[in-house]
Amino acid sequence: MAFTTTGPARIEIEGREYKEERDRPNLNAEQVSDGFFATMGMKILEGRDFTPEDADDKLPVAIVNATFARKQFGNESAVGRRFRTVVNNGQTFGPWRTIVGVVSDVRARSLTQPAEPEVYLPLRQATAFSKHLIIRTHDRDADSDPLLLAPAVRSALRALDPSVAIESVKTFTQIESDSIAPQRLATSVTTAFGLTASLLAALGIYGALAWSMMRRCREIAIRVALG
């Protein structure tokens, strides 16, 4: 469920000293719009959500997840703390970003891996050419197929900008299924091999018993005749 990242970079927390580049934490960032967390069902644990006014030319801001806040600040509040990106081995720095909120963790990279430290940046500060639009259907439509809304969404996007290319439309059920496809394939192959081995073992046991009974047919007949 990871969408966009800022690319390989490291960060430094204001007020801390880093002797070497590897001492700086790695940056794992998602660029999202205001309303993203409510749409995804992620809780604001501390601070606030993004607003339409958040922009680099006013005040560069960021929201971090609970794992990031706990790992970098322990029991202290992360809201109000600042960090900046560091690239080119400490030669180039990004703007100082103020943390304005902390959100709950999600397993963004894989369902089989624990939550990672995540930084969320306002989408209006992003330069990515490819973006994802997430639509959450109303509770009363929970039993209907969300893909039924796809034609209406495509029409609305084309009305806003005819040049926008829509690559694909997927439900989160499909995304979840795709994310565990390798595990499902491995399980299917293992199950197939297990069933084949069990069948071969059963045939082997049956053959061995049948051969043994055939060799003892005369013996068994004599024993039955003698009582």
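Predicted model: local features only at pLDDT ≥ 70, side-chain atom pairs only at ≥ 80, totals over all residues.
Leaving aside neighbours within four places in sequence, with which residues is Thr67 in contact? Select Thr67 together with Asp105, Ala115, Glu116 and Pro117: these are the residues that Thr67 contacts, contact meaning heavy atoms within 4.5 Å.

Residues are numbered from 1 along each chain as its sequence is written, and side-chain values use heavy atoms, with hydrogens and water left out.

**Stop 1: Thr67 and helix 2**

Thr67 is found in helix 2; helices (H or I, at least four residues) and strands (E, at least two) are DSSP runs, numbered from the N terminus. Thr67 has a relative accessible area of 11% and is therefore buried. Here buried means under 20% relative accessible area, exposed over 50%, and partly exposed in between, with a 1.4 Å probe and protein chains only.

Of its 8 residues, 6 are buried, so helix 2 is largely enclosed by the rest of the structure. The buried residues are Ala66, Thr67, Phe68, Ala69, Gln72 and Phe73. Their cover includes strand 1, strand 3, strand 4, strand 7 and strand 8. Just after helix 2, select Gly74, which takes a positive phi of about 60°.

**Stop 2: the nonpolar cores**

Select Ile13, Val64, Phe68, Ala78, Phe83, Ile99 and Val119. These residues have the most contacts inside the largest nonpolar core, which has 17 residues. A nonpolar core is a set of buried Ala, Val, Leu, Ile, Met, Phe, Trp, Tyr and Cys residues joined through side-chain atoms within 4.5 Å. Two or more residues come from each of strand 1 (10-13), strand 4 (61-65), helix 2 (66-73), strand 7 (97-103) and strand 8. Helix 2 gives the most to this core, with 3 residues.

Centre the view on Phe83. Not counting residues up to four places away in sequence, Phe83 touches Ile11, Glu12, Ile13, Ala62, Pro95, Trp96, Arg97, Ile99 and Val119. A second, separate core of 10 residues can then be displayed through members including Phe50, Val61, Ile63 and Tyr120.

**Stop 3: Arg97 and Asp56**

Which residue forms a salt bridge with Arg97? Select Asp56: the closest N and O atoms of this pair are 3.2 Å apart. A salt bridge is a side-chain nitrogen of Lys or Arg within 4 Å of a carboxyl oxygen of Asp or Glu. The pair links distant parts of the chain, with Arg97 in strand 7 and Asp56 in the loop between strand 3 (44-47) and strand 4, 41 residues apart. Arg97 is buried at 10% relative accessibility, whereas Asp56 is partly exposed at 34%. By the same rule, the count comes to 9 salt bridges.

**Stop 4: helix 6**

Move to Glu219, which is partly exposed with a relative accessible area of 31%. The side chains of Glu219 and Arg216 meet in a salt bridge (3.2 Å, N to O), and Arg216 is also partly exposed, at 40%. Glu219 forms a salt bridge with Arg223 as well, the closest N and O atoms being 3.1 Å apart. Arg223 and Glu219 are 4 residues apart in helix 6 (residues 217-226), so they are separated by about one helical turn. Arg223 is exposed, with a relative accessible area of 56%. Elsewhere, select Glu12, Arg24 and Arg84, which salt bridges with shared partners join into one network.

**Stop 5: Asn28**

Select Asn28, in the loop between strand 1 and strand 2 (29-32). Asn28 counts as buried because its relative accessibility is 14%. The side chain of Asn28 makes a polar contact with the side chain of Glu116 (3.3 Å). A polar contact is a pair of N or O atoms within 3.5 Å; within protein, one must be able to donate a hydrogen and the other to accept it, and residues adjacent in sequence count only if both atoms are side-chain atoms.
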